[in-house]
Structure formats: C-alpha cells, structure tokens
Amino acid sequence: MQEETKELRRNFESVPGSGVVYNIVDYLLGWARKYSIWPIHFVTGCCSPEFMQCSGSEYDMERLGVLPFASVRQCDCIMVVGVVSRKMALRVKYLYEQMGEPKYVVAVGACPTGKGPFYDSYAAVAVDEYVPVDVYIPGCPPRPEAIIQGMMLLQEKIKKEKRLGVKG
Amino acid sequence: MNIVLTLWKFIIEFLTVNAKPLLQIIVLPGLLWVIVYAIIAVWFERKFLARAMLRVGPYYCGGRFGWLQLIADFIKLFFKEMIIPRDVNTFFFLLMPVLLPSVPALAVILIPFASDWVLWNVGSLGMPMFFAIAGIAPLIPVFAGWASNNKYTFIGAWRVAYMYISAEIPMVLCAASVAIMVGSFDLVVIARAQENMWFFIPQFIGFVIFFLGVMIQSERTPFDMPGAETELVLGWRTEYSGVLYGFVMFTEYVALQAWALMFLTLYLGGFNGPVLFGATTASHIFWLVIKFVLLVTLVILLRVIFPRLRMDQMLKLGWQYLTPLAILNLVITLALKLWGVY
C-alpha cells in the first residue's frame with residue numbers, strides 16, 4: 001500500500017504544474033482546518049468555569065470558528081481541563097483514539113500540564129505522558145484570555161504543519 | 001434599441017418557457033437552492049444564536065461576518081478521517097447519510113413556488129404524495145441508529161420514531177381539514193384559494209398544531225430529544241464522522257425546509273402576495289422565499305428561548321393534546337363545510 005502511494009506520488013510529481021496544485025490544496029486545507037476547530041471538553045476539574053466562559057458572551061471563542069461539540073467522533077481537538085489521575089488518563093487515551101485524524105490535544109491549566117498543586121500526589125499525572133499534547137495553557141486556573149490565546153496558538157500550529165507531505 | 005429589446009424578450013421567453021424544466025431541476029426547487037439554502041441557514045443560525053446570546057459568532061473566517069465559516073467547516077469535514085467502527089452494519093451505515101437529505105429534498109419538488117412553477121405537478125395527488133414521501137423520513141434515522149450498533153444511537157433512533165409518529169398523525173389530520181375546506185388535494189389550488197384570506201384565520205387550531213409539527217419533524221430545539229447532548233451524546237448521529245456527518249448536519253435543514261414550505265403553502269398563503277412590476281411568476285417566488293426566510297428566523301429564535309422538553313412530556317403533548325385537537329378541528333371543518341360556511 002505504502003509503495004503504491006509512493007508510486008502514485010512520483011507519477012503525480014512528474015506532471016508539470018503539480019506543485020502549484022499541491023500548494024493550493026495545501027493552503028485551502030490549512031485555512032479550513034485553522035478556522036474550524038471543534039473541541040470536545042474533557043472536564044475533570046475546576047478550570048471548567050473559565051473554559052465555559054470562553055464560549056460565553058464576554059469572550060466568545062466562536063469568533064475563531066471554535067464550536068464546542070458533544071460527540072468525539074466529529075471533533076478535532078480534546079481540551080483536557082482539570083487534574084488527570086492515573087485512572088482517568090486511560091480514558092483520555094481512549095477518547096483520543098476514538099477521534100478521527102487530524103487530531104489535537106490542548107492541556108488547559110496547571111494540572112494536565114504538569115500536575116500543578118498535586119505535584120506530590122501518587123495519583124496525578126501530566127497528560128502528555130499518555131497522549132501527545134499540542135498546546136499547553138498555564139495558569140491556575142488560566143484566564144479566558146489565556147485559553148483563547150492558546151486556541152490561536154493552535155491555529156498557528158495547524159497553519160504551519162505539513163499536510164500533504166510536500167517538502168519546501 | 002429594437003434589437004436589444006427583441007434579444008431581451010427572447011432571453012426571457014427562453015428562460016421561462018424552453019429552459020424552465022432545466023432551471024427548475026438545477027436552480028430553484030432543485031439542487032442549487034437546497035445547497036445554498038442549507039449553507040446560508042447554518043451560517044445564519046450560528047450568527048443569529050450568537051447575537052441572541054450577546055456574542056459575536058463566527059467573525060474572523062473570510063474577512064467580515066465570518067461569511068466563509070461554513071465553507072471552511074465543509075472542507076474540513078470533507079478531508080477528515082471517516083471512521084467506520086468495527087461492529088457496524090457497513091451497508092446501512094454508509095447508505096443512510098446519503099438517503100437522509102434526498103428524501104426531504106424529494107418532498108420539496110411537489111411544492112408550488114408560483115402558480116406555474118412546480119417541478120413535479122401531480123395535480124390532485126399533491127398533498128397525499130407529500131405525506132407519503134415525508135412518511136419515509138423517520139425510517140432512515142431508525143436504520144442509521146440501528147446500523148451504528150451503539151446504545152446511544154439506538155435509543156436516539158427510537159426516540160425519532162416515537163416523535164415522528166406522534167407528530168405526523170395530527171399534522172395529516174390538519175392538512176386533511178384544509179383539503180376539505182378547499183375541496184381539493186392539489187397544492188396549487190390550495191395556495192390559490194388563499195388569495196383573499198390566508199388559512200391561518202379560519203383554521204387557527206390547525207395552524208398552531210401544524211407549526212408545532214414542523215418543529216417536531218425537523219427536530220428543532222424544544223423537541224430535539226433524539227440528539228439530547230446531556231443524555232445521548234448526539235443521539236442517532238453519534239457514530240458519524242467526517243463527510244458522513246456533513247451529510248447528517250445538512251439534513252436537519254433540508255427537512256426543516258420541506259416542512260416549512262408545506263406549512264406556508266397550507267396556512268400562510270403560499271406564494272400569494274402583491275404582484276411586483278407585472279412579473280407574476282417572479283413575484284410569487286419572491287414572496288414565498290421572503291415568508292420562508294421569516295419562518296426560519298422564527299424557528300431559530302425559538303431555539304434560543306426554550307429549553308428541551310422531556311421525552312414523556314413530548315409524547316403527552318403529541319397524543320394527549322395535539323391529536324384530539326386535530327380531530328376536533330377536522331370535525332368542526334366538516335360541520336362548517338356541510339352547513340355551507342366555507
């Protein structure tokens with residue numbers, strides 16, 4: 001399968017002008033994914049009021065196209081909000097595996113970033129021991145401005161990433 | 001000057017006579033209208049909801065007003081991984097999202113957009129045909145929920161079946177009262193009969209019942225139990241991802257469109273309105289579209305105002321209040337018809 005894909009790509013790249021098509025599709029995909037992040041909130045702790053306010057009337061994350069969703073199958077991004085215990089981390093991993101590619105993880109607050117006030121607990125873990133984290137948002141709890149800035153950083157990251165495997 | 005006039009007349013005649021079936025299939029009740037309407041409606045709903053909640057809504061995508069938001073969403077959904085879980089019935093799981101928008105879109109072709117602008121004019125079979133096609137609609141979510149092999153989708157699917165049946169019986173009874181009043185099943189005749197008085201005045205009970213039925217059939221918020229997030233993740237839509245979810249999202253709005261157009265035709269004068277610039281067909285279409293936009297705005301506004309009902313409350317509403325009222329309405333209409341009031 002991989003060999004066939006490589007063969008297809010080699011054939012496609014030999015066509016003059018294919019690079020332009022690649023770049024256009026790449027740009028469109030980046031633009032669409034950047035402005036259409038649908039997060040699912042994995043809320044275990046007390047950062048959640050701040051996170052709720054991000055979709056509220058003062059701050060409104062939907063300006064950036066961020067639309068909170070209920071089911072993980074349709075989502076692009078997990079927001080891990082609050083402390084993650086050793087037992088709960090397996091659920092984060094399970095949730096991550098249920099989500100379709102491309103998928104991102106945002107760690108909101110001090111606890112999922114690095115255990116926070118539970119630094120000496122036997123049960124608390126940093127969430128990046130279980131799933132790859134794209135953006136860390138520090139704070140205990142982070143202000144809604146900080147969470148929105150975290151989403152903007154995620155947008156920047158999505159815009160820069162390599163999508164079709166083109167070099168340069 | 002003369003040549004330009006002749007050419008203009010030729011173009012108008014070509015568009016209204018020769019190319020009419022093609023225009024109907026591609027543009028107005030057909031493909032383009034459904035797609036453009038669905039995209040604009042989703043964008044409008046998000047923006048309008050945001051405004052009602054004192055938010056801004058989509059803003060940065062596409063410069064001003066976030067007007068490219070839905071395009072971005074659809075491109076993203078199109079290129080997202082489509083997960084087919086291991087235990088689903090693959091055939092039905094993949095078939096149902098494709099069938100979903102096509103059934104309400106098929107019902108729309110029976111609606112008269114003007115007295116001479118009906119894509120599929122079946123004459124006196126219009127209303128029975130509409131309800132026959134619309135009667136297929138609840139089967140599709142039921143199959144989709146069953147094929148997904150998930151307890152949430154299954155419960156959501158049965159909720160759809162319960163709700164549709166409890167709404168459809170009063171709706172058919174109300175539509176039957178209108179047909180008795182006019183003396184015809186032909187939708188064009190029914191719309192024409194409202195030239196002087198729209199039927200929401202003589203058929204007020206039916207008007208209210210049918211409006212609630214429209215809300216129930218299109219799963220709008222006071223009646224969105226099949227997709228109740230707090231109980232059933234996303235109801236029967238839970239397992240759909242990627243482009244399949246795109247289809248499912250699109251469907252809610254196509255269903256709303258079919259029922260809303262039927263509601264307008266039965267109770268709010270259909271295409272009737274003052275004729276503008278002597279162009280009868282164009283002004284008929286214009287008035288129907290204007291009424292349709294206002295109705296959709298009202299339905300979206302109700303989503304902001306009301307919380308969700310419980311399932312048993314909804315069934316009680318359907319069977320205990322709407323159905324007896326609809327039968328009462330039918331009896332009153334029959335009596336008045338026999339006495340010769342209508």
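**From chain A to the helix pairs of chain B**

Guide: Starting at the N terminus, the elements of chain A follow the order α-α-β-α-β-β-α-β-α-β-β-α. That amounts to six helices and six strands, taken as DSSP runs (H or I of at least four residues for helices, E of at least two for strands). This is a predicted model, with pLDDT of at least 70 needed for local features and 80 or more for side-chain atom pairs, while totals for chains, interfaces and linings use all residues. Residues count from 1 along each chain as written, and chains are lettered from A and ligands numbered from 1 in written order.

Along its principal axes, chain A has C-alpha atoms that fill a box of roughly 60 × 35 × 25 Å. Of its contacts (C-beta atoms within 7 Å) with a separation of 6 or more, 80% join residues 24 or more positions apart.

Now for your helices. The axes of α5 (residues 90-108) and α12 (residues 243-267) of chain B come within 8 Å and cross at roughly 20°. That makes α5(B) roughly parallel to α12(B), a term for angles under 35 degrees. On the α5(B) side the contact uses B:Pro97, B:Val98, B:Leu100, B:Pro101, B:Pro104, B:Ala105, B:Ala107 and B:Val108. Facing them on α12(B) are residues including B:Leu244, B:Phe247, B:Phe250, B:Val254 and B:Leu261. This contact counts 16 nonpolar and two polar residues, with no charged ones.

A second pair in chain B is α8 (residues 151-182) with α10 (residues 204-217), which pack at an angle of about 145° with axes 9 Å apart. From α8(B) the contact draws on residues including B:Met163, B:Tyr164, B:Ala167, B:Pro170 and B:Met171. Helix α10(B) supplies B:Gly206, B:Ile209, B:Phe210, B:Gly213, B:Ile216 and B:Gln217. By class, the contact of α8(B) with α10(B) comes to ten nonpolar and four polar residues, and again no charged ones.

Technical notes. Axes fitted to C-alpha atoms, helices over the stretch in contact; angles between N-to-C directions. Contact = placed C-beta atoms within 7 Å. Nonpolar A, V, L, I, M, F, W, Y, C, P; charged D, E, K, R; others polar. Parallel < 35°, antiparallel > 145°, perpendicular 65-115°, else oblique.
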